Amino acid sequence: SQDPELLLPRAFLALLALGFAPAGPGFSQHLQLPPAGLAAAAGGRRGLRRVPCRPEECPAPRGCLAGTVRDACDCCWECANLEGQICDLDNTNHFYGKCGEHLECRLDAGDLRHGEVPEPQCACLSHLALCGSDGKTYAQICRFLEVARAHPDANLTVAHEGPCESEPQITSPPYDTWNITGQDVIFGCEVFAYPMASIEWRKDGTEMLLPGDDPHISVQFRGGPQKYEVTGWLQIQGVRVTDEGTYRCFARNRVGEVVALASLTVFTPGKHHVLVPTL
């Protein structure tokens with residue numbers, strides 16, 4: 001008699017081998033497969049005829065920024081999943097794919113606390129910053145490898161562990177703003193640097209470092225929001241017409257100094273026609 005397995009398409013046999021067994025009345029009769037044969041096929045690869053692995057017939061994966069991993073049959077190479085991509089938690093399923101080098105598949109416990117359905121994602125095993133031979137700092141080895149694989153001609157290598165020493169970079173500068181007299185104004189300035197940078201605020205036309213002795217002006221600083229970053233704020237309470245002008249955020253370390261500027265325009269009710277947007 002004819003082998004019932006030969007009546008099934010290859011794609012369907014592959015699904016059965018991975019444990020995806022459709023159910024329903026008349027299903028086995030529709031496929032001309034007896035229940036025992038269906039159970040054997042759905043139970044694992046032992047119920048199927050194993051096709052020999054021919055590596056020479058495997059397509060060559062290209063553009064794999066997270067490296068390569070073996071496919072479900074452990075025969076061909078395929079692109080691995082990048083950091084942040086959904087992945088398969090174990091090797092019993094092969095649906096989303098496997099994580100690449102220096103990555104592991106994890107469930108975010110935070111999703112469970114917020115009542116969300118967690119999705120496993122690839123996460124980097126290291127959180128140590130690296131300095132590349134291009135003089136740039138990479139948050140961890142996984143980001144470094146992505147860039148290195150995206151630009152193979154650059155021959156990028158790791159110069160040393162830890163961030164590169166460089167002049168500060170203002171990642172979020174202060175922005176031009178306006179307000180009416182008596183209201184408050186806040187400028188912010190986020191800076192990345194290694195060694196860590198110090199931040200100073202000055203107003204054009206004056207040499208005095210803010211806040212000086214003016215009680216309605218204050219400055220605050222804190223580390224973050226990211227590693228090797230520092231954020232500074234300049235707050236002007238009860239803004240006056242004399243506060244109008246250009247303010248500068250200076251960031252410096254032993255390697256260098258950068259500056260970003262923003263202007264403040266002050267309107268006086270009754271003297272200026274000001275259209276205040278409403279929500």
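View 1. Arg252 is partly exposed at a relative accessible area of 28%, where partly exposed lies between buried (under 20%) and exposed (over 50%), with a 1.4 Å probe and protein chains only. The model is predicted, so local features need pLDDT of at least 70 and side-chain atom pairs count only at pLDDT 80 or more, whereas totals for chains, interfaces and linings use all residues. Residues are numbered from 1 along each chain as its sequence is written, and side-chain values use heavy atoms, without hydrogens and water. Arg252 forms a salt bridge with Glu200, with 2.8 Å between the closest N and O atoms; the term denotes a side-chain nitrogen of Lys or Arg within 4 Å of a carboxyl oxygen of Asp or Glu. This pair links distant parts of the chain, with Arg252 in strand E14 and Glu200 in strand E11, 52 residues apart. Salt bridges with shared partners join Glu200, Arg202, Arg252 and Glu257 into one network.

**View 2. The salt bridge between Glu165 and Arg254.** The closest N and O atoms of Glu165 and Arg254 are 2.5 Å apart. Glu165 lies in the loop between strands E7 (158-161) and E8 (166-172), and Arg254 in the loop between E14 (245-252) and E15, so that the pair, 89 residues apart, links distant parts of the chain. Glu165 is partly exposed at 45% relative accessibility, whereas Arg254 is exposed at 65%.

**View 3. The salt bridge between Glu146 and Arg143 in helix H5.** The closest N and O atoms of this pair are 3.8 Å apart. Because Glu146 and Arg143 are three residues apart in helix H5 (residues 141-150), about one helical turn separates them; helices (H or I, at least four residues) and strands (E, at least two) are DSSP runs numbered from the N terminus. Glu146 is buried at 16% relative accessible area, and Arg143 is partly exposed at 39%.

**View 4. The open four-stranded sheet.** The strand order is E9-E15-E14-E11, with mixed pairing; two strands pair if DSSP finds at least two bridges between them. Strands E9 (177-180) and E11 (198-203) form the edges, each pairing on one side only. E9 and E15 (residues 257-267) run parallel and are joined by four bridges. Trp178 stands opposite Thr265 in E15.
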